[in-house]
Amino acid sequence: MNLRDCPAKSPSNSCLLGSTGMECDPLAADVTKPDPDCQYRADSTTSDSSMMFLSHLESVTHVCTAQTHDSLAPTRQNRLCHGASVWEVMEQHVDFAEGNNPAGGGAVDPTPTFRRVKTTNPAVFLLLDDVCGVDKPGVDCQGLIVYNALKPVIEALFDQDIPYLGMGKYREALSAIYKNTVLQQKESIDKKDLLDFVPYSPKKDYVTEPESALIKVLEALNSFTEYTGEVNILLVQMINTNEAGTEYPPLLLDRVKVSCVLYGYENYNSWLPQLADETGGSFYISPTYDPTYARQALTSLQPDPAEVTLLRQTRSLEAAVTVPVVVDSSLGLSTYFYANFSASAVGFTLISPAGDETEISSPYTHTVNDAAAGTWEMVLNSTEGGTVDVLVTSNRRGAESDVEVKTWTSASSQGNLDLNTSGLIFYVSVTQGNVAVKGLHVTATFYSAKNLATQVVVPLSDDGYGDPDIQLHDGIYSGYVTDFGAHSSRKINLFVDVTVQPATSARAAPPVGSRALPQDPFDEAPCCGSVAPGAVSLEVNRFITASTAVTILNGPSFGSYDPPPSRIESLVAMAVDQDGPVIEAGTVRVTLKWNAPGKDFTQGRVSRYDIWYSDSLETLISDPESTTKVEDSQYEGGPPTPLDYGGEQTAVLLLPKLVEEETHYFITVVPVEARENEEQKGDPSPPVSVMVTSGSPFTTTTTTPEPTTTTTTTPEPTTTTTTTPEPTTTTTTTPESTTTTTTTPESTTTTTTTSESTTTTTTTPDPTTSTSPEPTISTSTPEATATPSTTESTAASTSTADPTTASTSTADPTTASTQS
């Protein structure tokens with residue numbers, strides 16, 4: 001068995017487990033009968049490099065580079081990284097980009113050294129805007145709504161391992177600091193007293209000025225000698241900045257991390273996002289006074305945050321609505337339900353999983369100290385219509401079964417993405433412990449600081465259809481941005497909210513399968529490529545605001561974004577027909593399957609597929625259009641009709657055989673979107689390989705649907721044959737042979753038999769030789785003949801290799817035949 005790792009370097013000993021005995025190596029000569037249950041376990045290798053799946057061997061000391069990596073091997077590395085080697089992937093990181101830390105850069109002791117740089121968790125300082133914010137009909141003070149919702153999170157800080165706390169309030173300048181001390185030891189602070197210091201009667205000013213307040217806080221921290229460790233500052237701003245600046249003044253940034261939450265969407269200091277980025281903080285902005293943003297910003301500053309946001313959404317109240325909220329078993333402590341209505345004649349009823357109903361009155365907040373696991377329902381109505389903002393949070397129980405949600409994008413580690421070189425992909429990972437959670441409804445909603453009112457929703461999938469989601473049920477949900485909506489600019493900063501909910505629709509069909517090597521060769525249930533094993537189904541609600549941010553470079557102007565087709569990742573050779581009926585002289589039938597890409601990444605359908613093949617893998621990868629294209633006449637049944645994204649495509653190819661030797665073909669598929677004057681093509685798929693056996697390109701075999709031999713037998717299998725004294729068969733022949741052969745000009749042999757040159761065999765029950773009119777097996781007349789003729793050629797074979805004889809026979813040993 002040849003199990004390839006880096007090219008020409010394979011494990012010297014490997015065994016096959018759980019196999020049915022069919023072919024397992026996809027690069028072996030016979031790939032017509034792949035064994036879907038085959039598993040590899042390598043005991044040793046002749047290579048010192050690995051694509052990570054052989055890293056358990058002591059002899060493997062290097063990762064593969066572009067020179068040693070096998071981009072065709074059916075490994076998870078190749079599927080996830082588009083055939084790139086481990087080192088090529090590592091070079092994309094800032095630590096190795098642009099020549100940093102080159103491979104083979106010298107012998108360096110790999111033993112890590114550790115230096116303690118932080119002995120305690122950072123202190124927390126809250127800088128709160130003492131202004132109500134934008135006026136809203138029917139609402140006395142929108143800022144007060146935010147601060148009332150923020151108080152439970154502030155209270156939770158006392159349960160965290162935080163050494164010092166501090167709080168300040170500002171309007172046009174710093175107006176007050178709690179106890180006139182920038183920081184105090186947490187244990188010395190009266191919890192209720194601190195909560196009472198939170199703005200409770202903000203002023204209705206129309207401008208604010210956080211810049212001077214922030215400078216004064218930083219100066220106070222610089223002179224505070226009792227604590228010199230790191231400090232996390234949360235700045236909350238409620239209304240427009242007066243005379244917003246474009247650059248922040250020189251501040252003390254070496255031990256301070258600043259996170260900002262801005263409400264309203266007109267003027268703000270444009271240096272605040274830059275300040276948050278450079279200090280490692282977060283930046284949130286909300287056009288409405290949604291307390292979710294302030295709560296999550298403060299939660300993110302906790303060393304071991306307990307609060308999780310389950311749901312945040314806005315619903316129309318043209319009719320009563322019921323909002324389901326799933327509280328899973330890992331949560332339930334201090335579960336907070338909040339509804340912010342735009343109208344005044346409203347109602348709010350909370351129903352527990354057991355069916356208990358609770359009427360919630362103004363200000364329409366309710367906390368359940370220990371919420372039962374299951375689906376809670378918020379029944380909301382308004383006689384005046386309008387909308388309602390819904391927020392639900394809960395605290396972890398500290399169980400090992402906690403559900404974890406992580407988010408990231410396809411942008412570089414610096415958070416920048418150039419649309420000229422790649423598309424924007426959002427990723428969300430949902431796991432319970434170390435197990436993936438499947439079957440969820442996940443969306444990413446993005447917006448920009450300058451256009452908060454228009455939000456674009458991107459559905460994310462864990463379907464394994466290919467680009468962008470490589471593997472089904474691995475708990476990683478992904479999706480391309482195919483429309484930037486109103487967020488069109490050459491450079492723009494986007495912020496992303498992520499919503500996780502139980503699925504409400506039927507699951508998509510599974511992807512086309514693939515035979516890939518296991519992620520862990522010693523795992524009893526290895527990962528088999530496009531489907532990850534072991535995922536669990538859970539009902540989960542999660543909401544993460546401003547979960548990630550990305551800066552788009554060379555973005556679309558005026559909404560004119562036209563992305564290319566996505567790459568086909570799931571191409572597999574399902575069958576190779578070497579020995580079956582030959583459809584066309586000198587061909588082999590190859591059946592390919594893949595999941596359809598979209599016209600615009602994952603949207604729509606492409607116009608056609610171009611399939612290219614070559615006996616050179618290097619040429620096919622580097623320049624596929626210089627290889628051989630499959631023509632329309634080479635498709636059995638015609639070229640495949642493109643389907644919508646994810647649809648299962650099939651193509652049956654008739655590829656040429658060579659006469660004297662085997663052929664190793666490599667095949668790739670390119671999706672094409674045809675336009676009026678031009679075409680847009682997706683990237684070529686990862687290639688698949690097919691081994692084609694040698695064969696004569698001139699052999700043609702024609703077989704009638706049914707044999708035309710007429711056979712009559714007696715009930716007993718005893719044969720009586722009319723014979724001459726010595727031969728056992730009496731044959732009426734021509735003077736030289738039983739058959740008359742006529743050679744055609746094409747050097748073929750055709751057997752022509754007249755009605756007289758037949759053999760009559762009579763079968764009787766008695767084992768004696770006689771002639772009888774009883775039932776016979778006869779080939780004696782043109783009307784009932786089993787003798788091939790030029791007018792009724794039932795099995796004519798033409799060959800240049802040697803003369804052939806036309807013959808007719810049955811499976812039964814009692815037959816009439818004409819032979820040479």
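Pro 363 sits in the loop between S16 and strand S17 (365-370). A cis peptide bond links Ser 362 to Pro 363, with omega of about 15 degrees. This is a predicted model.

**Whole chain**
- The chain has 820 residues, and 47% of them count as buried.
- Its secondary structure comes to eight helices and 43 strands.
- Among contacts with a separation of 6 or more, 71% are between residues 24 or more positions apart.
- The accessible surface comes to about 39500 Å². Carbon and sulfur atoms account for 49% of that surface.

**Strand S19 and its partners**
- Strand S19 covers residues 387-395, and eight of its nine residues are buried, so the rest of the structure largely encloses the strand.
- Strand S12 (residues 307-316) runs antiparallel to S19, and nine bridges join the two.
- Within this pairing, Arg 312 stands opposite Leu 391 of S19.
- Strand S14 (residues 333-341) is also antiparallel to S19, joined by seven bridges.
- Tyr 336 has Thr 393 as its bridge partner in S19.

**The four-stranded open sheet**
- The strand order is S13-S18-S15-S16, and the pairing is antiparallel.
- Strand S13 (321-327) and strand S16 (357-359) form the edges, each pairing on one side only.
- From one strand to the next, the twist averages 20 degrees.
- Three bridges join strand S15 (residues 346-351) to S16, and these two strands run antiparallel.
- Ile 351 faces Glu 357 of S16 across this pairing.

**The loop between S25 and S26**
- Strand S25 covers 451-460 and strand S26 covers 476-480, and Pro 468 is found in the loop between them.
- The peptide bond from Asp 467 to Pro 468 is cis, with omega near 10 degrees.
- His 473 lies in this loop between S25 and S26 as well.
- The phi of His 473 is positive, near 60 degrees, and the residue is not a glycine.

- Thr 602 belongs to the loop between strand S31 (587-595) and strand S32 (608-614).
- Its relative accessible area is 17%. Buried means under 20%, so Thr 602 counts as buried.
- Leaving out residues up to four places away in sequence, Thr 602 touches Asp 467, Pro 468, Tyr 480, Thr 482 and Tyr 645.
- Two of these contacts, Asp 467 and Pro 468, are the residues joined by the cis bond.
- Tyr 480, another contact of Thr 602, falls within the range of strand S26 (476-480).

**Backbone geometry to check in the viewer**
- Most residues other than glycine have a negative phi, and most peptide bonds are trans.
- Lys 179 has a positive phi, near 55 degrees.
- Lys 179 is placed in the loop between strand S7 (174-177) and strand S8 (184-185).
- His 473 likewise has a positive phi, near 60 degrees.
- The cis bonds include Ser 362 to Pro 363, with omega of about 15 degrees, and Asp 467 to Pro 468, with omega near 10 degrees.

Methods:
Residues numbered from 1 in each chain as written. Predicted model: local features only at pLDDT ≥ 70, side-chain atom pairs only at ≥ 80, totals over all residues. Heavy atoms only, no water. Buried < 20%, exposed > 50% of the residue type's maximum accessible area, 1.4 Å probe, protein only. Contact = heavy atoms within 4.5 Å. Pairing = 2+ DSSP bridges. Axes fitted to C-alpha atoms, helices over the stretch in contact; angles between N-to-C directions. Areas by Shrake-Rupley, 256 points an atom, 1.4 Å probe, with all protein chains shown as cover.
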